[in-house]
Amino acid sequence: MPASTAARLLEGTRVPALDRGLEADAAIARIAASGLRGRGGAGFALADKLRAVRANAAGREAYVVANAYDADPDSPLARTLLEGNAELVVRGIEIAMLITGATHAFLYLHPEAAGARSAAEGVLAGRDDIEITLGPGGFMGGEESALLNVLESKRAMARQRPPYPASQGYLMRPTLVSSAETLAWLPLVLEGAKAETKLVSVTGIVASPGVYEVPLGTTLGDVLERAGGVRSLSKAELKAIHVGGPTGGLLSEKRRSTRLDYEDLKAAGTHIGSGQVRAVGTDVCMVREAGRLFAYLAKESCAICVPCRVGTKRVQGILEGVSSSLGRDADLPWLTELGDHMEQFSLCGFGITAPSIIRTTLREFPDDYRAHISEGKCPTGTCTTLRARRYETMVQP
């Protein structure tokens, strides 16, 4: 494959043969030169992970975990990839095992991903070094450290880090945990391809919702156009673009030119997260939408750390109070403070990234908050009363 070839994952890409004589250090150097970053949300350099696991595994047993869990139910990226090209994912796992020295790997799936499981079983028939394992369901089942607990027959709860999985992961052994999409790129970049695309799930008021493969750096507006553009049965126009799944930020439609890129999204106040890009219409109140998201997060939290367990509930209560026209001006700085606390002290990315919802809606849609607090009415006329009394359990500023 020529070095200039831009490969794609969802277009029947040829699966390179496995080179069992692969020289690990040279392979890591090539992966580092390719700039391949994790596609699971955080964007961590894969070469650094591989190097760390290999170094820690010297003389020790090591493991590889391909995270194909799809924690966000509206972003079935891994199952779409497996259903379309399970062999490419398996080849990536095999290469990761060769590089790290691991003798056993897990392909970690959501229990409802029947099609992905069937496709993987077909490729893995007759071998026992790569094991298909099902998570528990629920959002936290896909978190990096929580899934290690699941593999050890424990509850899906986040772990304190450090130590990181690269040194103490599954059974306290060096473990590479990487998304199925990231690992699928391994055999391609080792042949000289450029990992220039990202799988995204485009949802909301678009003509053709679904999973698409787009070049990294594509503007959010162009991502929506790939799905047929904004279409709404209620004739609503685009109001917001929700990027990153349940913990992602909501950006104004004026930010259509923001690029689907790790740095650009971070600068805008959100993240790639689950890879979902959702078009939200003008008939949606951003206060109620933020409250709805935090209600989901409060339910899905593993509850092991106080900042997340209490913070999600507290933010949900304040937002529901505001959308029920019980809010006060003092609620807004209090929301910001709670978000800061969650980001600084939560154990995992679930609580660390959730405050992007608060920050982006306060910044991008202040009129929605102002209408509820100052005028006592919903700007879209869609909010109903969720609370008859204010949710107050602490002294507020």
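Trainee: Where in this predicted model does Glu152 lie, and is Glu152 buried or exposed?
Mentor: Glu152 is found in the loop that joins helix H5 (144-151) to strand S4 (175-179). Buried means under 20% relative accessible area. The relative accessibility of Glu152 is 17%, so Glu152 counts as buried.

Trainee: Which residues are in contact with Glu152, leaving aside its neighbours within four places in sequence?
Mentor: Contact means heavy atoms within 4.5 Å. With neighbours within four places in sequence left aside, the residues in contact with Glu152 are Arg159, Gly169, Tyr170, Leu171 and Met172.

Trainee: Is Thr258 buried or exposed?
Mentor: Thr258 sits in the loop between strand S8 (249-252) and helix H8 (262-268). Not counting residues up to four places away in sequence, Thr258 touches Thr218, Thr219, Leu220, Asp264, Leu265 and Ala268. Its relative accessible area is 11%, and Thr258 is therefore buried.

Trainee: What separates the C-alpha atoms of Ala120 and Val89?
Mentor: Ala120 belongs to helix H4 (residues 114-124), and its relative accessibility of 0% makes it buried. Not counting residues up to four places away in sequence, Ala120 touches Ala86, Leu107 and Ile132. Ala120 and Val89 are 31 residues apart along the chain, and the separation of their C-alpha atoms is 8.8 Å.

Trainee: How many of the 24 residues of H3 are buried, and what phi does Gly101 take?
Mentor: H3 is largely enclosed by the rest of the structure, because 19 of its 24 residues are buried. Just after H3 comes Gly101, whose phi is positive, at about 85°.

Trainee: How are H9 and H14 oriented to each other?
Mentor: Helix H9 (residues 286-300) packs with helix H14 (residues 366-375) at an angle of about 95°, and their axes are 8 Å apart. Angles of 65 to 115 degrees count as roughly perpendicular. The orientation of H9 and H14 is therefore roughly perpendicular.

Trainee: Which residues in H14 meet those in H9, and how many residues of each class does the contact have?
Mentor: From H9, Met286, Val287 and Ala290 take part, and they meet Asp368, Tyr369 and His372 in H14. By class, the residues in this contact are four nonpolar, one polar and one charged.

Methods
Residues are numbered from 1 along each chain as its sequence is written. This is a predicted model: local features need pLDDT of at least 70, side-chain atom pairs count only at pLDDT 80 or more; totals for chains, interfaces and linings use all residues. Side-chain values use heavy atoms; hydrogens and water are left out. Axes are lines fitted to C-alpha atoms, for helices over the stretch in contact, and angles run from 0 to 180 degrees between N-to-C directions. Helices (H or I, at least four residues) and strands (E, at least two) are DSSP runs, numbered from the N terminus. Angles under 35 degrees count as roughly parallel, over 145 as roughly antiparallel, 65 to 115 as roughly perpendicular and the rest as oblique. Ala, Val, Leu, Ile, Met, Phe, Trp, Tyr, Cys and Pro count as nonpolar, Asp, Glu, Lys and Arg as charged, and the others, Gly among them, as polar. Buried means under 20% relative accessible area, exposed over 50%, partly exposed in between (1.4 Å probe, protein chains only).
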